[in-house]
Amino acid sequence: MIKILASFIDEKTLITIDDDGVLSVDSKYDKITELIKSVHARALESYGPSDGFFGRYMAMELVKHGAKILEVSDTEEDEAEENRVY
């Protein structure tokens, strides 16, 4: 699961993408939600949600549209790192 916390016009927006690519947006502004859906659709054309670059790509594209990215996390990468044997 990928989580992106972004700030648009001083409003924090939580974006969640599950392992199947299903998008969830927590924003009170419809225009921001539509923008995020558009970026998500373009990202899915190039990358799968399980691709390690997907969350970073989404974040970079949102920055191009004026977002300030506060946090990006990919629980699959985090879990893989936690289970790594050294």
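1. Lys-37 and Glu-34 form a salt bridge, with N to O at 4.0 Å. The term stands for a side-chain nitrogen of Lys or Arg within 4 Å of a carboxyl oxygen of Asp or Glu. Both residues lie in helix H1, three residues apart, about one turn of the helix. Helices are DSSP runs of H or I with at least four residues, strands are runs of E with at least two, and numbering starts from the N terminus. Lys-37 is partly exposed, because its relative accessibility is 43%. Glu-34 is partly exposed as well, at 47%. The classes are buried (under 20% relative accessible area), exposed (over 50%) and partly exposed (in between), using a 1.4 Å probe and protein chains only.

2. A word on the model. It is predicted; local features need pLDDT of at least 70, side-chain atom pairs count only at pLDDT 80 or more, and totals for chains, interfaces and linings use all residues. Residues are numbered from 1 along each chain as its sequence is written, and side-chain values use heavy atoms, with hydrogens and water left out.

3. How many salt bridges does a search of the whole structure find? The search returns three. Another of them pairs Arg-42 with Glu-61, the closest N and O atoms being 4.0 Å apart. This pair links distant parts of the chain: Arg-42 sits in helix H1, Glu-61 in helix H2 (residues 54–64), and 19 residues separate them. Arg-42 is partly exposed at 31% relative accessibility. Glu-61 has 11% and therefore counts as buried.

4. Glu-61 also meets the side chain of Lys-64 in a salt bridge, at 2.9 Å from N to O. Here both partners belong to helix H2, three residues apart, about one turn of the helix. Lys-64 is exposed, with a relative accessible area of 63%.

5. Back in helix H1 (residues 30–46), look at Thr-33. Its relative accessible area is 14%, so Thr-33 is buried. Leaving aside residues up to four places away in sequence, Thr-33 touches Val-25 and Ser-27. Contact here means heavy atoms within 4.5 Å.

6. Ile-4 belongs to strand S1 (residues 2–8). Is this residue buried or exposed? Ile-4 counts as buried because its relative accessibility is 0%. Beyond residues up to four places away in sequence, the contacts of Ile-4 include Thr-13, Leu-14, Gly-55, Met-58 and Ile-69. Ile-15 is also one of the residues touched. Ile-4 and Ile-15 are 11 residues apart in sequence, with 5.0 Å from C-alpha to C-alpha.
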